[in-house]
Amino acid sequence: TQKFSENVLDATKKFEKLITDKNEIDGLPATALGLAAQTAASKGHENASAENGPWIITLDAPSYIAVMQHARNRALREEVYRAYLTRASSGDLDNTNIISQILKLRLEKAKLLGYKNYAEVSMAQKMATVDRVEELLEKLRAASWDHAVKDMEDLKAFAKESASPEANDLAHWDLSFWSERLRESKYDINEEDLRPYFALPKVMDGLFSLANRLFGVSVEPADGLAPVWNSDVKFYCVKDSSNSPVAYFYFDPYSRPSEKRGGAWMNVVFSRSRVLARNGSPVRLPVAHMVCNQTPPVGDKPSLMTFREVETVFHEFGHALQHMLTKQDEGFVSGIRGVEWDAVELPSQFMENWCYHKNTLLSIAKHYETGELLPEEIYAKLVAAKNFRAGTFSLRQIRFASVDMELHTTYDPNGSLSIYDVDRRVAERTQVLAPLPEDKFLCSFSHIFAGGYAAGYYSYKWAEVLSADAFSAFEDVGLDNEKAIEETGRRFRETVLALGGGKSPLEVFVSFRGREPSPEALLRHNGLLPVAAL
C-alpha cells in the first residue's frame, strides 16, 4: 500500500503542461491562473505572472478541477482528463500488479482469520454487514439512476441552447465544464458574496443556541481557565441545565498556513473517565478540540465565512457534542472513542442538516455591517443548489463503493478476470456515460488501496443514511414545534450522544429512532424520490 501511494504521487507530479498562449486557458478564474503562474515560477520561469504567464497545469486537485470546470479549450480538457484517469497505470509507476498483490494478500489474511473474504474482516469491526451494504447500495443505485439520466439530458439540452459544437457528442471531459455553466445559470450564487452574512461570532452564537434548544446545554466562554497554544484559540465550558460543567473544548478557528495543515477536524484531548478522576471528583470530564481554517479577522472586520465553512463548523461541533455529552465513564468507549467507523459521522452530518433549516440559518445570517437578513431568494437558491445533479453524484459514490465491495467479496485475484473487468461491469449499472476503454481510475483509487477504506468506502453513504434518518425524526414532529423538538433533542442526547462506543451503534440508533435505519429520508433530502412522485 505504501508503494501504491508513492506511485500515485509520482505519477501525479510527473504531468506538467506548460502554456504560453493565454487563449489556450481562456475561462480559468483568477485564482487558478495565479496558481498556474506560481507553479511555473517554482519550476524556473521566474517572471511568470497570472496576467501574462507562462502557466503550468498539473494534475493536483486545485489545478485539475479548475481546468475541468472552467477551461473553454476542449482539447486541453481532454488531454488533462485522460492524463488524470490513467495515472499510475503504465511504465515504472504501474499499480496494476500492486493492486493484484494487495488483493491476494488481503484474501489470504481473511482465510487465515477464518473469514470467507476480506469484506467480512472489514465488517467485523463495523456496524454494517456485507449483505446490508449490498442491499443499501442497490436501493440507492436504483433510486438515483433515472435522476442521473435526466441530469445528462439537462446538460445536453443546455449545451445545445448555448450553441456548443459538442452538444450532440458530450464526452467525459465536457461534463464538469457544462455542469458548472448550468449551475451558474440556474443558481448564480457566488460563495464570496455571501461572506458578509456569515460573521464567525454570530455563527457560533447561533450554533450554541441550537445546542441549547436541542440538548439543553449552555456553552460559555472559559478563556484563561486553560493554557492555549495561540492567542486566537478560544476555550469554552459546556454546562447542563443545572449549571454544572459537563465538558470543555478548545476552538482554533483561523488559518495559519506556516504551522497548521488545511481542512477542519475535531479530536480528543481527554475522554470522560471514572478511573482517571482526580481531586475527589467522581469523574474526569471530557475535553475536545475543534480546529478550522477560516480567514482571520482583519482590523475591525470579523472573520467572514463561506456557507461551506458554516456547514463545516456545524459538522465538527456534532463530533464534539458526541464526545462531550457522553455518559460513559469508561475512557476507551466514552465519547467518540470505540464508535464504529461507519457510524461515527452520524452526529456530525446530523448537525449539518440544521444549516438548511430556514429559522436556524436566518438566525445567524445577518450582514455584519448593516444587520440585514440574508435575502429569502438567496436562502431558496442555497437549498435548491444543494441537490443540483444529486443523481449523478450519488451514482458516482455508488460506483466507487460497489467496485470496492466486489473486489473484496466475489472477485478472485487468482482468476482470469482482471480488476478492470470488474470495474467495467460495475460501471454499466452506475454510470450513464460509459467509461473510456482506457479508464484506469483503480490505479489511483488510494482510498481503498492505500487508505483505511478497503471494503469500507460504503461508509460515506451508510453514515448519510443514518444522519438523514435521525434528522427526519425531528421533521416528523415538526421543525417549528418547540416542545416536540426539545423532547426529540433530549432523546437524541440520551442515546446517540450519550452512549458512545459502549453499546452497538444499531442498538443506539434503534433506541433513538424506535426502528432500524431506512434510506427513505436520505433519498427525500437529496431529491431522489421516484421522478413520477415529485
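This is a predicted model: local features need pLDDT of at least 70, side-chain atom pairs count only at pLDDT 80 or more; totals for chains, interfaces and linings use all residues.
Here is a walk through the structure, from the whole chain down to a few individual residues.

Let's start with the fold as a whole. The protein chain has 21 helices and seven strands. Along the principal axes, its C-alpha atoms fill a box of roughly 70 × 65 × 55 Å. How does the radius of gyration compare with that of a compact globule? For 534 residues, such a globule would have a value near 24 Å, and the protein chain, at 25 Å, agrees with this.

The interior and the surface come next. Of the 534 residues in the protein chain, 52% are buried. If you look at contacts with a separation of 6 or more, 70% of them are between residues 24 or more positions apart.

You will find Ser 89 in the loop between helix 4 (74–85) and helix 5 (96–112). Is this serine buried or exposed? Its relative accessible area is 11%, and because the cut-off for buried is under 20%, Ser 89 counts as buried. A polar atom of the Ser 89 side chain lies 2.6 Å from the backbone oxygen of Thr 86. Leaving out residues up to four places away in sequence, Ser 89 touches Asp 94, Lys 440 and Cys 443.

The backbone deserves a look too. Most residues other than glycine have a negative phi, and most peptide bonds are trans. Gly 53 and Pro 54 are joined by a cis peptide bond, with omega at about -5 degrees. Pro 54 sits in the loop between helix 2 (30–42) and strand 2 (55–57).

Asn 279 has a positive phi, near 50 degrees, and belongs to the loop between strand 6 (265–270) and strand 7 (287–294). Ala 455 also has a positive phi, of about 50 degrees, although it is not a glycine. This alanine is in the loop between helix 17 (446–449) and helix 18 (459–477). Which surroundings does each residue have? Asn 279 is exposed, with a relative accessible area of 80%, whereas Ala 455 is buried, at 0% relative accessibility.

Definitions and conventions:
Residues are numbered from 1 along each chain as its sequence is written. Side-chain values use heavy atoms; hydrogens and water are left out. Helices (H or I, at least four residues) and strands (E, at least two) are DSSP runs, numbered from the N terminus. Buried means under 20% relative accessible area, exposed over 50%, partly exposed in between (1.4 Å probe, protein chains only). A polar contact is a pair of N or O atoms within 3.5 Å; within protein, one must be able to donate a hydrogen and the other to accept it, and residues adjacent in sequence count only if both atoms are side-chain atoms. Contact means heavy atoms within 4.5 Å. The radius of gyration is taken over C-alpha atoms; the globule rule is 2.2 Å times the number of residues to the power 0.38.
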